[in-house]
Amino acid sequence: MRLKGKVAIVTGAAQGIGAKTAKVFAEEGAKVVVADYDAEGGKETAEAIKDTGAEAMFVQVDVSSLDAARDMVDETVKEYGRLDILVNNAGVTADTLLTKMTEEQWDKVIDVNLKGVFNCAKPATEQMLDQDSGGVILNASSVVGLYGNVGQTNYAATKFGVIGLTKTWSKELGPKGIRVNAVAPGFVETPMTDAVPDKVLDKMANQTPLKRLGDPEDIAKAYLYLASDEAKYVNGEVLSVDGGLVL
Ligand code: CAA
Ligand code: NAI
């Protein structure tokens, strides 16, 4: 029970990596806020957690809105009285080559993946500072945020950007007892990668020294480690969980 008594928000927890992370956190004793704009999937994740006897609730949020993110934190505190862990996991892709990319595709990915991280971290941090008992913020970067990737101008910009936020906040908030780290997954089997052409996925699996794509649990366990006291001296780090993949 590595997160016993902790209250955690996981954004983008309706499916994929976020849903698995919410479940793993609940298994380890956390009260989990399943935050997503997909109400159907989000409620399903929260119900699955409650069926195990753990505590969870669904909050609908569009992370690209600062007001909505603030409401998410307020609802969390209203229900559970505090906030200890924020996992900024919600993310989208809109892949195409630079010359074909529209302004809308650029804006959409920046609004969710980069501005969304700012929007959620700001009210969460204000709450953690008010509590004066520290906290943990974890951000979803990517192997694409370390090396770039053909067809992902917008996405790569956000995932590099998230590393900048992580490094900056680790310096600003470390002295207040709030640790900030990022996870950089490789290619992981989720609805997000369902949209990637099979030949690209095969190439990625082959290029990975461990010879397979990632599983959501591989990433959820990394978030668990970073959220727990086992990582109490880890701050400003970008943990690659990619089987050794280099793009
Ligand atoms: N390297 C070099 N050139 C490439 C390339 C690559 N990997 N992929 C495509 N190209 C080139 C082609 O050779 C072609 O060149 P010419 O026009 O000179 O012949 C040109 O790009 C156009 O190719 P397509 O006709 O295939 O172009 P398209 O517009 O239909 O698709 C693409 C291009 C958007 C890049 C598409 O191949 C694609 O979706 N690729 C996958 C992108 C990807 O890996 N996304 C990951 C999503 S999951 C995720 O993001 C999670 C995470 O963090 C890992
Ligand atoms: P996914 O597409 O399966 O799930 C993303 C979730 O985010 C969905 O439930 C979706 O409804 C939610 N979401 C999207 N926009 C939102 C918004 N504006 N407000 C609230 N919720 C929103 O994605 P996956 O694969 O689980 O990825 C999770 C995170 O991990 C993303 O940030 C992604 O960029 C990152 N990542 C994923 C990798 C992969 O290969 N699957 C690799 C590296 C990073």
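This is a predicted model: local features need pLDDT of at least 70, side-chain atom pairs count only at pLDDT 80 or more; totals for chains, interfaces and linings use all residues.
Biologist: What is the phi of Lys 211, roughly?

Modeller: Most residues other than glycine have a negative phi. Lys 211 is not a glycine, and yet its phi is positive, at about 60 degrees.

Biologist: Where does Asp 132 lie, and what is its phi near?

Modeller: Asp 132 has 8 C-beta neighbours inside 10 Å and therefore counts as exposed. Its place is the loop between helix 4 and strand 5. Although Asp 132 is a residue other than glycine, its phi is positive, near 55 degrees.

Biologist: Is Val 32 buried or exposed?

Modeller: Val 32 belongs to strand 2 (residues 31-36). Setting aside neighbours within four places in sequence, its contacts include Ala 8, Val 10, Phe 25 and Ile 49. Because 33 C-beta neighbours fall inside 10 Å, Val 32 is classed as buried.

Biologist: How many Å apart in space are Val 32 and Gly 244?

Modeller: In sequence, 212 residues separate Val 32 and Gly 244. In space, taken from C-alpha to C-alpha, the two are apart by 31 Å.

Biologist: What is the reach of helix 6, from its first C-alpha to its last?

Modeller: Helix 6 covers residues 153-173, which makes 21 residues, and at 1.5 Å a residue a span of 30 Å is expected. Its buried residues include Tyr 155, Val 162, Trp 169 and Leu 173, and among the elements that cover these buried residues are helix 4 (103-131) and strand 6 (178-185).

Biologist: Which residues are closest to ligand 1?

Modeller: The shell around ligand 1 divides into two charged, seven polar and 10 nonpolar residues. Of the 19 residues that surround ligand 1, the closest are Asp 95, Ser 142, Val 150, Gly 151 and Val 200.

Biologist: Which elements give two or more residues to the shell around ligand 2?

Modeller: Around ligand 2 there are 30 residues, and those that come nearest are Gly 12, Gly 16, Gly 91, Thr 190 and Met 192. The elements with two or more residues in this shell are helix 1 (16-27), helix 4 and helix 7 (191-194).

Biologist: What is the radius of gyration of the protein?

Modeller: The protein has nine helices and seven strands. For 247 residues the globule rule gives 18 Å, and the model comes close to this, so the protein is as compact as a globular protein of that length, with a radius of gyration of 17 Å.

Biologist: What feature does UniProt place at residues 6-186?

Modeller: Over residues 6-186 the chain is 52% helix and 19% strand. The end C-alpha atoms of that stretch are 28 Å apart. According to the unreviewed UniProt entry, the feature placed there is "domain: Ketoreductase".

How values were computed:
Residues are numbered from 1 along each chain as its sequence is written. Chains are lettered from A and ligands numbered from 1 in the order in which they are written. A residue is near a molecule or strand if its C-beta atom, placed from the backbone, lies within 6 Å of it. Ala, Val, Leu, Ile, Met, Phe, Trp, Tyr, Cys and Pro count as nonpolar, Asp, Glu, Lys and Arg as charged, and the others, Gly among them, as polar. Helices (H or I, at least four residues) and strands (E, at least two) are DSSP runs, numbered from the N terminus. The expected span of a helix is 1.5 Å times one less than its number of residues. A residue is buried if 20 or more other C-beta atoms lie within 10 Å of its own, exposed if 12 or fewer, and partly exposed in between; C-beta atoms are placed from the backbone. Two residues are in contact if their C-beta atoms, placed from the backbone, lie within 7 Å. UniProt positions are given in the numbering used here, feature names are shortened, and annotations may be inferred rather than shown by experiment. The radius of gyration is taken over C-alpha atoms; the globule rule is 2.2 Å times the number of residues to the power 0.38.
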